[in-house]
Amino acid sequence: MNKEHAWKILESQQVRMKQIHLSDLFAADSQRFESFSLKFKDILVDFSKNHINKETLQQLLDLARACGLKEERDRLFSSEHVNSTEDRAAMHMALRHRSSKPVMVDGKDVMPDVRSVLVQMAEFCHAVHSGDWRGSTGKKIENVVSIGIGGSDLGSDMAIKSLQAYAIPGIKIHCVSNVDPSHLARTLCDIDPETTLFVIISKTFTTLETMTNARHARLWLLDSGCSEASIVHHFVAVSTNTQAVADFGIDPKNMFQFWDWVGGRYSMWSAVGLPIALSIGMPCFEEMLEGAYEMDRHFLETDFNKNIPVILALLGVWYINFWGATTHAVIVYSQQMSQFPTFLQQLVMESLGKSVTHDGRAVDYLTSPVTWGNSGTNSQHAFFQMIHQGTQMIPADFLAPARNSDGTTEQQQQLISNFIAQTEALMKGKSLQTVEQELAMDGQSPGKISQLAPHKVFPGNKPTTSILFEKITPATLGSIIAMYEHKTYVQSVIWNINAFDQWGVELGKHLAAKVLDELGGDNALLTHDGSTNGLIRYARAMAEKT
């Protein structure tokens with residue numbers, strides 16, 4: 001079967017499935033949960049509350065095969081240059097490879113280098129945690145400020161917050177990304193320069209936002225009385241540019257390397273994850289690598305009909321391309337994981353926000369959904385109104401740990417009861433007849449019932465996928481992140497787009513550099529459009545007031 005035929009079959013299937021309410025699917029099949037849920041370690045993925053039956057799932061799997069998913073997956077893991085526009089492999093899986101087998105990239109086994117950097121990270125983390133590494137005045141490091149942006153920040157920030165229960169006592173990690181001066185200034189205002197270590201993360205060591213913040217961090221230390229020669233005690237770098245690191249004043253011995261085949265949004269598994277290791281310790285960091293590696297094996301070795309990343313990806317394709325859904329919500333019933341939806345925004349939308357195929361042709365179908373979300377139960381008192389009663393279909397993933405290391409059993413049970421009940425409510429809804437009966441039992445008059453009832457109806461039939469696991473551990477978090485990475489890659493294969501470049505990031509950077517020069521010069525000739533010229537002039541005028 002070719003892709004076009006598989007696509008047309010699914011179009012017809014959507015017309016049929018649209019006529020069936022999710023509640024009716026459960027009423028007709030007492031084994032539906034067992035048929036449409038999968039387990040990986042302690043992670044349960046329940047996708048039974050989706051608009052699919054066994055026929056739909058088989059048709060989606062046929063589409064995946066028609067798109068050459070098996071062959072493309074094998075190309076990815078064989079280190080072929082799947083990043084076609086940059087002519088690179090995308091071998092972030094090597095960073096968490098745990099077997100003794102070699103991993104070849106461009107004819108070289110990269111594992112000796114990967115392991116060497118892991119050893120360097122372990123030695124450095126031990127030195128900081130034990131107090132062997134000290135600031136210039138001999139005081140032990142108590143605060144680590146990680147400075148990066150995008151893939152050099154989001155993964156670390158998310159993992160550090162998610163794994164707070166594993167944090168090493170006596171050291172606090174701060175992540176700074178925004179070039180807004182308030183982000184760095186407010187981070188530094190309550191910490192002691194003598195006990196502060198900066199980790200500067202930039203592949204090229206030229207990233208504008210990162211290096212601007214790094215220079216101001218350096219000035220902050222110098223202004224506190226630290227000498228130029230003492231800077232080496234307070235700065236380390238994660239980069240590929242040794243010369244730029246040395247020029248900044250960081251000893252190249254304190255530079256942690258990563259490689260061109262590591263994309264930014266997939267780089268938290270490399271030395272870019274040094275802030276994570278400093279937060280939770282290197283053994284826990286390696287447990288996170290192990291969890292991701294196990295998901296890699298699952299994705300590579302499991303039949304598609306039992307393959308969790310494949311199933312999740314196909315559900316996304318089903319809703320985006322056949323139901324017209326343009327957004328996807330991710331709700332985490334864990335305050336610690338509240339940054340996870342933000343992390344996924346980059347992973348999904350930077351990877352899949354493409355409008356041309358690998359060979360440069362314009363696509364004539366939807367690709368990336370707008371990915372968004374927040375923590376439950378906060379979300380229930382914010383945007384759930386729209387999911388329940390709004391006019392758009394919004395497929396949603398619900399994630400929750402069954403156990404929590406903080407708080408009481410009572411609180412956790414309330415949290416999980418909401419996690420479960422919301423997916424049931426979104427699926428079942430509440431009919432007009434039920435609403436009218438409830439209002440009548442409350443003693444409302446017929447006129448009042450007629451007025452109020454339409455506003456209290458919940459159509460239900462809203463698709464959700466529930467991901468429930470025992471608790472947030474480094475290994476479980478690693479598996480979940482890798483699961484979403486592979487889901488994203490599968491969707492890129494179905495859509496025939498490159499998941500590993502991000503040219504859309506570059507244009508704004510280029511124009512910002514030009515505007516930056518013009519903001520500083522009153523007499524600079526402005527050659528932009530009328531709106532941009534007007535904004536530059538207004539910004540100049542406001543800046544002069546200070």
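**A walk through the sheet and the cores**

Start by selecting A329: its bridge partner in strand 12 is A396. Keep in mind that you are looking at a predicted model.

Now widen the selection to residues 327-332 and 396-401. These are strand 10 and strand 12, which run parallel and are joined by four bridges. Zoom out again and show the sheet: six strands, open, with mixed pairing, in the order 1-2-13-12-10-11. Which strands stand at the edges? Pick 37-40 and 370-375 to see them: strand 1 and strand 11 each have a single partner strand, so one side of each has no neighbour in the sheet. Look at how the strands lie against each other, too: ignoring direction, neighbours in this sheet are turned by 15° on average.

The largest nonpolar core has 124 residues. Select M121, W261, L274 and F340, the residues with the most contacts inside this core. Then colour 308-322: this is helix 13, which gives the most to the core, with 12 residues.

Stay with L274 for a moment and show what surrounds it. Beyond its neighbours within four places in sequence, L274 is in contact with M121, F124, C125, V199, V236, V238 and F256. Another core, of 22 residues, lies apart from the largest one; I147, M211, F235 and A244 are among its members.

Last, go to S48, in the loop between strand 2 (43-46) and helix 4 (54-66). Is S48 buried or exposed? Its relative accessibility is 1%, so S48 counts as buried. Show F26, R32, F33 and F36 as well: S48 touches these, leaving out residues up to four places away in sequence.

Note on methods. Residues are numbered from 1 along each chain as its sequence is written. This is a predicted model: local features need pLDDT of at least 70, side-chain atom pairs count only at pLDDT 80 or more; totals for chains, interfaces and linings use all residues. Side-chain values use heavy atoms; hydrogens and water are left out. A nonpolar core is a set of buried Ala, Val, Leu, Ile, Met, Phe, Trp, Tyr and Cys residues joined through side-chain atoms within 4.5 Å. Buried means under 20% relative accessible area, exposed over 50%, partly exposed in between (1.4 Å probe, protein chains only). Helices (H or I, at least four residues) and strands (E, at least two) are DSSP runs, numbered from the N terminus. Contact means heavy atoms within 4.5 Å. Two strands pair if DSSP finds at least two bridges between them. Axes are lines fitted to C-alpha atoms, for helices over the stretch in contact, and angles run from 0 to 180 degrees between N-to-C directions.
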